[in-house]
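Good morning, and thank you for joining this group meeting. I would ask you to look at the sequence and the structure together while I speak.

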Number of protein chains: 2
Amino acid sequence: MAERLVVIGGDAAGMSAASQARKRRGPEDLEIVAFERGNFTSYSACGIPYYLGDVVEDFDDLIVRTPEKFRDKQQIDARIHHEVVAIDLGARNVTVRDLANDSEAIEGFDQLVVATGGKPVRPPLEGVDARGIFGVQTLDDAVAIENFLENEKPKHAVVIGGGYIGLEMAEAFQLRGLDVALVERSAQPMVTLDPDIGELVAEAMRGLGVDLYSSEAVTGFEAKDGSVATVVTDNRTLHADIVVLGLGTRPNVELARMAGITIGESGGVKVDQRMQTEIEGVWSAGDCAEKINRVSGKPVAIALGTHANKEGRIAGINIGGGYATFPGVLGTATSKVCGYEVARTGLNEAEAKDAGFEFTTATSESTTRAGYFPGASPITTKLVVEQRSGRLLGAQIFGKEGAAKRIDGLAVALWNEMTVDAMVNVDLSYAPPFAPVWDPVLIAARKAWDKVQLELANLK
Amino acid sequence: MAERLVVIGGDAAGMSAASQARKRRGPEDLEIVAFERGNFTSYSACGIPYYLGDVVEDFDDLIVRTPEKFRDKQQIDARIHHEVVAIDLGARNVTVRDLANDSEAIEGFDQLVVATGGKPVRPPLEGVDARGIFGVQTLDDAVAIENFLENEKPKHAVVIGGGYIGLEMAEAFQLRGLDVALVERSAQPMVTLDPDIGELVAEAMRGLGVDLYSSEAVTGFEAKDGSVATVVTDNRTLHADIVVLGLGTRPNVELARMAGITIGESGGVKVDQRMQTEIEGVWSAGDCAEKINRVSGKPVAIALGTHANKEGRIAGINIGGGYATFPGVLGTATSKVCGYEVARTGLNEAEAKDAGFEFTTATSESTTRAGYFPGASPITTKLVVEQRSGRLLGAQIFGKEGAAKRIDGLAVALWNEMTVDAMVNVDLSYAPPFAPVWDPVLIAARKAWDKVQLELANLK
């Protein structure tokens with residue numbers, strides 16, 4: 001008799017797991033049902049700011065695979081508008097609410113994938129539920145914001161939170177012709193960057209005309225006829241016709257926690273090397289699952305589509321009878337903001353300190369192409385490097401076209417625990433349209449190694 | 001008393017060595033003299049096609065550092081128009097001909113750097129010395145070609161050889177409005193690529209309007225009044241007002257060989273880990289020096305500016321009293337040709353076979369950005385992977401903007417002897433303007449790993 005795989009959550013992690021399991025086991029051997037409470041399966045949440053900014057025109061382009069395709073091409077029964085409200089590990093079933101019919105049913109499983117994703121942080125402030133205040137996490141959020149923009153024609157937008165999504169939404173509103181203010185509690189936007197690199201991002205935002213209020217906390221919202229009218233911070237009151245919350249997400253683990261599945265210290269579902277929870281046959285992947293940061297060795301909760309896809313794949317291979325392990329993450333991330341490219345991988349200074357490393361940093365200023373080549377533009381590369389050993393711990397890049405993807409070479413170096421001394425000699429590519437003869441990455445490595453050696457000499 | 005360092009060759013390798021040595025030892029401890037037979041020191045030969053194509057407008061931009069700067073800023077006595085014609089290892093001196101005065105002098109050394117570079121291949125064909133036939137190796141060549149273009153206003157250009165320089169020169173002539181034909185002996189241009197990827201380059205060239213004659217050998221040249229008039233191949237006669245030889249270079253080692261310095265089997269000067277020849281205190285770096293290919297383990301002669309700079313740096317650190325070793329090369333190279341980007345690293349199929357590897361290949365077709373993002377364009381990524389182990393042996397990339405620099409992540413993976421299985425999980429960067437959620441590089445790695453596993457199953 002066929003086993004039954006139930007997947008909770010129809011986005012990247014869940015559907016990657018389902019697809020990989022299906023690739024290895026046919027429908028006669030494995031029945032697959034996926035429950036998604038929203039309207040959409042497998043979509044690009046990262047594309048939402050570009051859709052809302054009219055950079056990407058066709059909404060359907062954001063949908064990677066529809067429920068119909070899952071059914072017809074892969075014999076995966078993906079049911080939207082179905083919310084799993086309880087997991088019974090003893091009876092090995094889930095309780096599913098059909099949101100369209102407001103009915104509930106019990107669905108048994110042999111294998112279960114918990115891919116419940118992230119829960120956007122909503123500050124417990126007065127007025128936060130007013131009309132016109134949106135999260136930006138799901139395609140349903142995108143639809144709601146697009147409808148609001150079309151119908152209400154807001155003029156003043158306030159974005160709360162200066163992370164990737166916050167910055168990308170600020171730019172999207174700018175592109176749509178709105179006045180945009182961004183409020184960020186920290187001194188700089190993008191707290192996953194060091195302050196010096198974050199300041200470069202702040203300058204770029206101001207250059208685009210975004211009103212940036214950093215080191216300011218939102219204390220509440222004022223509404224008029226139920227719709228948001230102002231955002232109140234500890235320093236000022238900002239006029240707002242539309243507000244977007246870009247405060248990040250936390251792992252959405254209530255369902256798992258209530259069922260008795262172990263939650264790790266990061267707040268994500270605890271999983272082993274194969275993405276299995278402490279319960280046999282119950283797996284977790286994506287934003288809700290805990291990952292190990294390979295550099296710090298610490299359990300972390302990071303919400304990135306790249307991780308979700310990879311982790312889902314690993315879970316699916318194992319459910320499918322194969323063998324695969326997930327080796328952890330570096331937290332590599334990138335974004336295009338206000339005409340600039342920014343990228344990071346590994347540990348920033350604060351994270352390196354927190355992990356107990358002694359480190360030094362080196363920052364190189366170079367150009368994306370040979371200095372004399374048309375279109376050459378500045379690129380800043382910062383490395384965080386362990387003292388004594390010179391081992392790379394993290395990297396951050398800020399610059400124009402061609403800057404961001406350079407983080408990948410550093411990510412692979414970090415993955416292999418390379419020292420900057422070794423990195424200097426790596427045979428990276430060069431041609432005048434693409435790089436100076438010493439790539440900015442290598443210049444930074446040279447500079448970092450010089451610093452490590454100098455400090456080593458001083459230590460003795 | 002101060003030691004004396006003599007450097008033969010004033011370009012990347014030689015002057016990098018001189019600079020690094022100076023950084024560690026002041027003029028009171030080390031006198032440095034560099035002899036360069038041409039007109040220029042430290043220049044970007046890779047920039048020549050872009051200067052001749054009017055992409056780079058200012059000739060001086062190609063000069064990284066003039067003799068005056070070396071003298072004033074670094075107290076390095078760099079003498080142009082000085083050709084070293086003999087090395088006496090016993091007496092530890094060199095014979096130098098002053099080309100301006102046609103006089104010779106003996107110059108002693110304690111340390112010697114042989115950085116004599118490459119010698120362009122000139123086919124021993126009738127008429128090859130006619131006016132209007134040029135090599136493209138030094139800045140002096142660039143000046144000669146530019147003057148010819150300006151004064152003679154040639155209409156028909158023939159490029160012989162479809163390597164990087166040949167293709168870039170073909171494009172440069174196109175940009176200058178000439179009719180361009182390219183003759184290549186192999187079936188495809190760029191023999192450092194596999195034929196399937198080389199064919200993509202061939203299509204791009206034809207798309208730009210270059211007449212490509214592949215699998216054709218040049219048999220001679222016909223001149224009229226001493227100037228080249230036609231190029232004769234084994235298939236046709238091509239009208240030619242200007243001809244460029246892009247047949248690559250060989251290590252320029254005659255001087256070293258005559259002095260008794262050991263030449264390796266690759267044809268380059270044999271060096272140890274620190275870039276020292278078999279003679280104590282005599283070093284070599286750059287196009288004339290032998291390198292080890294890290295993947296094949298074989299000694300090779302490759303002429304790339306990146307290697308020259310790195311090797312010169314290593315030699316200079318050691319001469320300066322430091323300690324550094326050169327770990328070998330991957331042969332990473334890239335070029336922008338006819339609107340496309342092409343890059344390679346490690347071994348191609350022929351090289352892998354030659355090294356005794358059993359391998360499989362996988363090619364992914366993806367996009368440079370998220371498929372739905374404006375400007376997303378096709379990118380082809382081909383991997384050469386060892387059977388059974390899945391170890392990466394080489395990679396080739398062809399595509400539009402954003403394609404080429406992706407070779408760097410693969411180069412670092414190759415450097416660390418990663419398997420494609422491990423590579424699949426590496427935390428590379430993703431955002432819709434820069435990549436699909438599975439970067440093309442990772443898609444290729446997935447595909448290659450699937451193939452390795454399948455072949456492994458079939459082997460049993």
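**Core, interface and salt bridges**

Let us begin with one residue, Leu410(B): leaving aside residues up to four places away in sequence, Leu410(B) touches Thr345(B), Thr381(B), Leu383(B), Leu392(B), Ala395(B), Ile397(B), Met423(B) and Val441(B), where contact means heavy atoms within 4.5 Å. What you see is a predicted model, in which local features need pLDDT of at least 70, side-chain atom pairs count only at pLDDT 80 or more, and totals for chains, interfaces and linings use all residues. Residues are numbered from 1 along each chain as its sequence is written, chains are lettered from A and ligands numbered from 1 in the order in which they are written, and side-chain values use heavy atoms, with hydrogens and water left out.

Leu410(B) also belongs to the largest nonpolar core, which has 82 residues. A nonpolar core is a set of buried Ala, Val, Leu, Ile, Met, Phe, Trp, Tyr and Cys residues joined through side-chain atoms within 4.5 Å. Buried means under 20% relative accessible area, exposed over 50%, and partly exposed in between (1.4 Å probe, protein chains only). Leu383(A), Leu410(A), Met423(A), Leu383(B), Leu410(B) and Met423(B) touch the most other members of this core.

I turn now to the interface. How many residues does the contact take from each chain? The answer is 65 residues from chain A and 65 residues from chain B. The area buried between the two chains is about 5,500 Å², and carbon and sulfur atoms give 62% of that area. Buried area here is the accessible area (1.4 Å probe) that two parts lose on being put together, summed over both. On the side of chain A, Tyr372(A), Asp427(A) and Phe434(A) lose the most area to chain B, together 15% of what that side buries.

Finally, the charged pairs. Side chains of opposite charge can pair when their charged atoms come close. A salt bridge is a side-chain nitrogen of Lys or Arg within 4 Å of a carboxyl oxygen of Asp or Glu. Lys405(B) meets Asp439(A) in a salt bridge at 2.6 Å, N to O. Lys405(B) also forms a salt bridge with Asp408(B), at 2.8 Å. Lys405(B) is buried, at 16% relative accessible area, and Asp408(B) is buried at 6%.
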